[in-house]
Amino acid sequence: MGYIKSAALEETGYVVLDRYNQELDPQEWLDIEYNDWKSSGDTRFAPLASAFGEIECNGFWNHKPPRTDKDGVWIDSQVAKAPNLARRAQEPGANVGRCRVIELQPTPYGDCLYNLHQDDNNRLNPDGTGWVVRGFFNLTDDKDSFFVLRENRTDPAGETRIALPAGAQLIIDTQRLWHAATHVGNAPRYNLITSWTSGPELDAYIEKYHGVNRVESFEVDQDILDAGYVEQARKDAARAAYYAAKGQADIQAMSEA
């Protein structure tokens, strides 16, 4: 049968929507409660909706009963402090799973490439229902920062870099695309991330805000790109060597037991 997916995301796996006038809203992300939850980089997360309305960030499949990333429960104490963020997450009318604000510390391009990952959005998602994707609303004005999207984690060919000024709005199939952010600056970057279920509501929202599935990549000096490729390869090799050595140590320990 297959999943219900948005045609707008079929070609490239992402859409960029009209920019939001973030200056009109208060900085609600400064008032909500954060968890030291690590993702790709030095991060904390402040959940607005979670599996059971608690201030935690775990995947819904890690709870009892386990389920897919849908039907999130809004956290009253957080929504009271950030009503505009909750309103924006609910505006499409699509089913919301996890909804949270990420705080990302400065992250160079090479570290970003090492952090590239795919999300596990659709575990336990029944066939024939809507495919879960993620919306990203950039809250702080990070004019020199950019989101990196790749079809292949280690292949820069076709890499898309999307600028992240205040009000940038993206929807990404993050289970398909490898993604992470390069954050340039001294202060943290804040972004609202919402798990949405694909379907007619999300399609209408994409159309309303003139979603486009191709944009010019944010321009970065070639020497920065080249240094990033080298750093990603170096860190990948170091990680592989660590796990190889750990595996040999585990084997040795088992043989001596």
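Over the ring of which residue does the charged end of Arg 100 sit? The charged end of Arg 100 sits over the ring of Phe 45, 4.5 Å from its centre. A charge counts as sitting over a ring if NZ of Lys or CZ of Arg is within 6 Å of the ring centre and within 35 degrees of the ring normal. This is a predicted model, in which local features need pLDDT of at least 70 and side-chain atom pairs count only at pLDDT 80 or more, while totals for chains, interfaces and linings use all residues. Residues are numbered from 1 along each chain as its sequence is written, and side-chain values use heavy atoms, with hydrogens and water left out.

**View 1. Arg 88 and the ring of Tyr 20.** The charged end of Arg 88 sits over the ring of Tyr 20, 3.6 Å from the ring centre.

View 2. Ser 50 lies in strand 2, residues 43-50 (helices, H or I of at least four residues, and strands, E of at least two, are DSSP runs numbered from the N terminus). Ser 50 counts as buried because its relative accessibility is 1% (buried is under 20% relative accessible area, exposed over 50%, partly exposed in between, with a 1.4 Å probe and protein chains only). The side chain of Ser 50 reaches the backbone nitrogen of Gly 53 at 3.2 Å. A polar atom of that side chain also lies 2.6 Å from the backbone oxygen of Glu 54. Leaving out residues up to four places away in sequence, Ser 50 touches Glu 56, Phe 60, Gly 72, Val 73 and Ile 75 (contact means heavy atoms within 4.5 Å).

View 3. Seven strands form an open sheet with antiparallel pairing, in the order 1-8-5-10-4-2-3 (two strands pair if DSSP finds at least two bridges between them). Strand 1 (14-16) and strand 3 (73-74) are the edge strands, and each pairs on one side only. Three bridges join strand 1 to strand 8, residues 169-172, in the antiparallel sense. Tyr 14 stands opposite Ile 172 in strand 8.

**View 4. The rings around Phe 146.** Phe 146 and Phe 218 form a stacked aromatic pair, 5.2 Å centre to centre with 20 degrees between the planes (rings of Phe, Tyr and Trp, the last by its six-membered ring, pair if their centres lie within 6.5 Å; planes under 30 degrees apart count as stacked, over 60 as edge-to-face and the rest as tilted). Phe 146 is buried, with a relative accessible area of 3%. Ring pairs link Tyr 109, Phe 146, Phe 218 and Tyr 229 into a cluster.

Note on methods
Polar contact = N/O pair within 3.5 Å; in protein donor to acceptor, adjacent residues only side chain to side chain.
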